[in-house]
Amino acid sequence: MTRNFFGRWGVLGVGFLGFCLVLSGCSRASQQGGPTTEPPHLTKLGRVITRYMANNKGQPPKSEKELRDFVKTLKPDDWKDLNIDPSEDIWTSPRDKQPYKFYFERAAAAEAARLKGDTKAGQTGTPIIAAEQTGVNGKRYVLYSVGGSVVEVTDDEFKKMVGGQ
């Protein structure tokens, strides 16, 4: 008769050990200053931009003013659908205390080039639609124009994304 090495309790022990490792990894990331979730302000701003695009045939706003004018037209049900408190300041980064910088023209140009099949157009940087102006500790959050994901990047990575702007 062969004996199962792990047995019933061994499997539970291995599972518990794996769970502890996951927790310690998450804890270490937050202690090192790494984000454990996306920054809520930039994510919320991304939802507003997505709503704008849904109401405008998929086109992003041409300017920050155009987006702000659109926001003024949102009704209470719209804010509820977006899961945003309308009194909240979604325009300013809570980390660097500066208004987000927008790259609408750049994102629109990159998307137009992509649709035309121009592979060289995107080589100067990844299309982002908004970003923190300064960030903290040499890193800033950016909002990608495609997919709306928010990612923290280094200053060097950011400069490549915006072509030195």
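Glu132 lies in the loop between β2 and β3, where strands are DSSP runs of E of at least two residues and helices runs of H or I of at least four, numbered from the N terminus. The model is predicted, so that local features need pLDDT of at least 70 and side-chain atom pairs count only at pLDDT 80 or more, whereas totals for chains, interfaces and linings use all residues. Residues are numbered from 1 along each chain as its sequence is written, and side-chain values use heavy atoms, with hydrogens and water left out.

Glu132 counts as buried because its relative accessibility is 2%; buried denotes under 20% relative accessible area, with a 1.4 Å probe and protein chains only. The side chains of Glu132 and Ser93 are joined by a polar contact of 2.5 Å (a pair of N or O atoms within 3.5 Å, one able to donate a hydrogen and the other to accept it; residues adjacent in sequence count only if both atoms are side-chain atoms). Beyond its neighbours within four places in sequence, Glu132 has contacts (heavy atoms within 4.5 Å) that include Arg95, Tyr100 and Arg140.

The strands form an open sheet of 4 in the order β1-β2-β3-β4, with antiparallel pairing; two strands pair if DSSP finds at least two bridges between them. The edge strands, each pairing on one side only, are β1 (101-102) and β4 (150-154). Between β1 and β2 (residues 128-131), the antiparallel pairing comprises 2 bridges, and Lys101 stands opposite Ala131 in β2.

Mean pLDDT, the predictor's confidence in each residue from 0 to 100, is 75 for the protein chain.

Notes
Buried means under 20% relative accessible area, exposed over 50%, partly exposed in between (1.4 Å probe, protein chains only).
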